[in-house]
Amino acid sequence: MADEAQPGPRHSGPADRPVVLVTGASSGIGLATATRLADAGWRTLLSGTDQARLDEVAARTGGRALPEDLSKPDGPRRLAEAALAAAGRVDALVASAGLGWRGPFVDTPADVLDRMVEVNFAAPLRLVRLLLPGMLERRRGRIVLLGSMAGQVGVRDESGYAATKGGLAMFAESLWYELRGTGVGVRLVLPGPVDTPFFERRGTPYQRERPRPVPAERVADTVVATITTERDRLYVPHWLGLPARIHGVAPGVFRRMAARFG
């Protein structure tokens with residue numbers, strides 16, 4: 001959008017460097033994104049639950065480790081307060097923390113479902129609610145939300161996960177309308193499967209023949225691009241936008257194709 005202020009690096013002084021808060025920064029997409037942004041001149045605030053890994057990433061990027069458990073309802077508040085105390089402001093939020101589970105919905109453990117809702121959906125909303133006022137006051141900022149193709153088209157045996165990502169997509173869409181003309185941009189990145197520890201942590205490996213998992217660095221490059229461009233919805237890889245469009249205009253056709261090709 002032409003009326004959005006660009007929050008990217010403009011000055012060389014440490015205090016003038018833009019500040020980004022990255023959740024899920026201890027591994028996968030969050031780690032790759034934090035590394036890319038640090039290389040591009042951003043001050044990085046790194047959140048996750050693994051203190052040792054966060055410290056390693058902080059040492060590598062020159063960032064600040066802010067460990068926090070976003071599955072707790074008050075976790076986002078504590079993280080936002082720690083981020084503002086550490087840097088004074090947050091110019092961009094990259095909400096990349098996420099949890100998954102695969103299997104029939106009726107077999108989903110209740111505690112796993114609760115944690116997915118908190119981490120994948122509620123935590124990003126709470127963080128945006130806490131950090132957005134400062135961005136609006138400065139009339140500059142970026143909110144980058146990591147969605148998923150599962151939240152666009154649905155995936156068998158991933159109903160709970162898909163629901164959290166679908167809700168996040170609708171939040172991004174609605175917030176985009178609210179923030180037009182404010183200087184604050186909302187970005188939604190929609191990857192397919194990504195080669196990260198995500199599948200190992202959810203307890204089942206990725207088993208589909210297509211699409212094949214892409215490297216986390218490829219998604220990170222897209223996240224960095226969304227901060228400095230006007231494109232507000234990006235698929236990774238980009239060709240996944242085609243099945244998403246087919247699902248939107250002809251869901252019956254899409255379902256038949258999905259049943260045939262898996």
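A salt bridge here is a side-chain nitrogen of Lys or Arg within 4 Å of a carboxyl oxygen of Asp or Glu. Keep that cut-off in mind while looking at this predicted model, where a search of the whole structure turns up 8 such bridges.

Start with R36 and D221, whose closest N and O atoms sit 2.6 Å apart. This pair ties together distant parts of the chain: R36 belongs to helix α1 (residues 28-39) and D221 to helix α8, 185 residues apart. Both ends are partly exposed, R36 with a relative accessible area of 29% and D221 with 39%.

| Pair | N to O distance | Relative accessibility |
|---|---|---|
| R36 and D221 | 2.6 Å | R36 29%, D221 39% |
| R77 and E81 | 3.4 Å | R77 38%, E81 44% |
| D91 and R138 | 3.8 Å | D91 8%, R138 33% |

R77 and E81 stay within helix α3 (residues 75-87), 4 residues apart, or about one turn of the helix. D91 counts as buried because its 8% falls under the 20% limit.

Now for the sheet. Its 7 strands form an open sheet with parallel pairing, in the order β3-β2-β1-β4-β5-β6-β9. At the edges are β3 (64-65) and β9 (233-236), each pairing on one side only. Strand β5 (residues 141-146) is joined to β6 (residues 184-191) by 6 bridges, and L146 stands opposite V189 in β6.

Methods: Residues numbered from 1 in each chain as written. Predicted model: local features only at pLDDT ≥ 70, side-chain atom pairs only at ≥ 80, totals over all residues. Heavy atoms only, no water. Pairing = 2+ DSSP bridges. Helix = DSSP H or I, 4+ residues; strand = E, 2+ residues; numbered from the N terminus. Buried < 20%, exposed > 50% of the residue type's maximum accessible area, 1.4 Å probe, protein only.
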